[in-house]
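Morning, everyone. Today I want to talk about charged side chains. Have a look at the model first.

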Amino acid sequence: QMLTLSAGGTSDEGLFITTTGSGNDFYAIKVATGGSANSFAVTNAGNVGIGTTSPSDKLDVTDGNSKMVFGGASSDRALLYFQHNAIPVDGEEIGILDFRGYNDASQDTRYVILTAKAEDVTDGNEDGSLNFFTMKDGTATSNLTLKSGNVGIGIAPSSTTSLHIFKSDPTLLIQASNQSGTAELQFFPRDVSNLALLQSIK
């Protein structure tokens, strides 16, 4: 191990740290606190780990079985993912994303909540769902559920229902954006080779 501290070669470097070696197995910085060896690390590959000394990408934050990683995907695309490191059971939540703010009583409030579930963890038959909650009259209310290719509004859709709208007084509004436009609901057969219009409602 070799550590060099210097003022750097330019005036904008207050602290310059260099080490020998390269890759994720060599560290520019490694911090252990409270008996944990996984508190904080910066590898020579340029990756930063919090809660782990083996960051899998540019930023890896690990807390028990919860993991958040930011890095790059193929074709120079940014990538952010959340990972549940334990094998979940069917229907278990594997991630939550909260949007918070204060109300007029200075109370921390969850205004929008997204929850992700592993609905079926069977190898080769995996199913997932994403549920959108918004605050309504002080209560987090499920508004939209995407589950196994189906959509539910106000309810989780069944496996045989493509779109399920559930509300005490449901209203479906299809509106043309201009005066000359025409709102239309069309029904077609399943056979894509014969897209003959079955019914049209205007």
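A salt bridge here is a side-chain nitrogen of Lys or Arg within 4 Å of a carboxyl oxygen of Asp or Glu. One caution: this is a predicted model.

The background is simple. Side chains of opposite charge can pair when their charged atoms come close.

How many salt bridges does the rule give? The count is four.

Start with Arg 110 and Asp 98. Their side chains meet in a salt bridge, 2.6 Å from N to O. This pair links distant parts of the chain. Arg 110 sits in strand β10, residues 108-120. Asp 98 sits in strand β9, residues 92-102.

Next, Arg 100 and Asp 108. Here the salt bridge has an N to O distance of 3.0 Å. Asp 108 counts as partly exposed, with 46% relative accessibility. Now put the pairs together. Asp 98, Arg 100, Asp 108 and Arg 110 form one network, joined by salt bridges that share partners.

Last, Lys 67 and Asp 60. They form a salt bridge too, and the closest N and O atoms are 2.7 Å apart. What about burial? Lys 67 is buried, with a relative accessible area of 15%. Asp 60 is buried as well, at 0%. The cut-off for buried is under 20%, so both qualify.

That's my tour. Over to you.

Note on methods:
Residues numbered from 1 in each chain as written. Predicted model: local features only at pLDDT ≥ 70, side-chain atom pairs only at ≥ 80, totals over all residues. Heavy atoms only, no water. Buried < 20%, exposed > 50% of the residue type's maximum accessible area, 1.4 Å probe, protein only. Helix = DSSP H or I, 4+ residues; strand = E, 2+ residues; numbered from the N terminus.
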